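Please read this note with the model open beside it. The points below can be checked one at a time.

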Amino acid sequence: MSHSKPVKVLTPPDIRARKGKTPLVCLTAYTTPIAKLVDEHCDIVLVGDSVGMVMHGLASTLEVTMDMMVMHGKAVRRGLSKALMVVDMPFGSYEESPEQAFRNAAALMRETGCAAVKLEGGGAIAETIRYLTARAIPVMGHVGLTPQSVNTFGGYKVQGRGADADAVLADARAVAEAGAFSVVIEKVPDILARRITGAVDIPTIGIGASAQCDGQILVVDDMLGVFTDFHPKFVKRYAELGKMAEEAIAAYAEDVRSRRFPGPEHVFGDSPKALPSGTEG
Ligand code: KIV
């Protein structure tokens, strides 16, 4: 019989209660192996719709579908044991009406086992957030640069500079008042992110925002340096996996061409005794 303590799974109320306390650590994940690594260290794991650009080579998140979110959500769920799992609602799955949003959010929760959904927008989407949260669907908001609105913004630009600051603040307030348990603030000036953090009573999760937010989130592939040709200012790289992978693949190609791979330790003998023990497959 095992006497190990059962693992406490973080819930939306746990995250909500962290307002103003130790910073919340959040990362995206899209696959089981990465979810396992991230779970160990993070409070929140987001299956972001960034999956479309990161894993499927899409030009924006606009082409991401419910089926893609369900498939990656299921994969991530298998890798988690303690972090709160949040799944992004893809473009077109929630904007039409609160009822449409409920149908799709409930499907994401039912099919992936996530405990909350994230949707983009402020005042314009507040009624939908209120509708969902009143019906057992915890919601994480997302204001500032909301990538699904890239075409209306005219690019992935910093939002809320100068006179535009008040509109982003109003969006964050609307999301909080509608019942969201936390809100992502993306790509806004540091001073505005601090203002929002002081103005709302739910945790703010910054990305390209401020160290004074209640938590931080990054796209996991960005902070691991998977892409050698993409390095936004707001990403700190903690590894150079893309460069390491390039070097490893080049070394493999060289080994194959020069017949250095496979070596004697990678091939099978005619009799099991012909190879060191443990190497027979
Ligand atoms: O889709 C995503 O990964 C996100 C985070 C960057 C916040 O929305």
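1. The model is predicted, so local features need pLDDT of at least 70 and side-chain atom pairs count only at pLDDT 80 or more, while totals for chains, interfaces and linings use all residues. Residues are numbered from 1 along each chain as its sequence is written, and side-chain values use heavy atoms, with hydrogens and water left out.

2. Residues around the ligand include Thr28, Leu46, Gly48, Ser50, His142, Val184 and Ile217 (near means one heavy atom of the residue within 4 Å). Asp49, Asp88 and Lys118 also belong to this surround. The side chain of Asp49 has an N or O atom 3.0 Å from a ligand oxygen; for Lys118 the corresponding distance is 2.9 Å. Asp88 places a polar side-chain atom 3.1 Å from an oxygen atom of the ligand (a polar contact is a pair of N or O atoms within 3.5 Å). The protein buries 95% of the 260 Å² that the ligand exposes when taken alone (Shrake-Rupley areas, 1.4 Å probe).

3. Helix H4 (residues 66-77) packs on helix H5 (residues 98-112) at about 35 degrees, with the axes 9 Å apart (axes are lines fitted to C-alpha atoms over the stretch in contact, and angles run from 0 to 180 degrees between N-to-C directions; helices are DSSP runs of H or I, at least four residues, and strands are E runs of at least two, numbered from the N terminus). The crossing is right-handed (the near helix is turned clockwise from the far one by less than a right angle). Met66, Met69 and Val70 are among the H4 residues in the contact, and Ala107 and Leu108 among those of H5 (heavy atoms within 4.5 Å). By class, the contact has 5 nonpolar, 3 polar and 3 charged residues (Ala, Val, Leu, Ile, Met, Phe, Trp, Tyr, Cys and Pro are nonpolar; Asp, Glu, Lys and Arg charged; the others, Gly among them, polar).

4. Helices H8 (residues 165-177) and H9 (residues 190-199) pack at about 30 degrees, axes 10 Å apart, and their crossing is right-handed. Val168 and Leu169 of H8 are among the contact residues, as are Leu192 and Ile196 of H9. This contact has 7 nonpolar, no polar and 3 charged residues.

5. Most residues other than glycine have a negative phi, and most peptide bonds are trans. Ala136, in the loop between helix H6 and strand S5, has a positive phi near 70 degrees. Phe261 and Pro262 are joined by a cis peptide bond, with omega about 0 degrees; Pro262 lies in the segment after helix H11.

Technical notes
A polar contact is a pair of N or O atoms within 3.5 Å; within protein, one must be able to donate a hydrogen and the other to accept it, and residues adjacent in sequence count only if both atoms are side-chain atoms.
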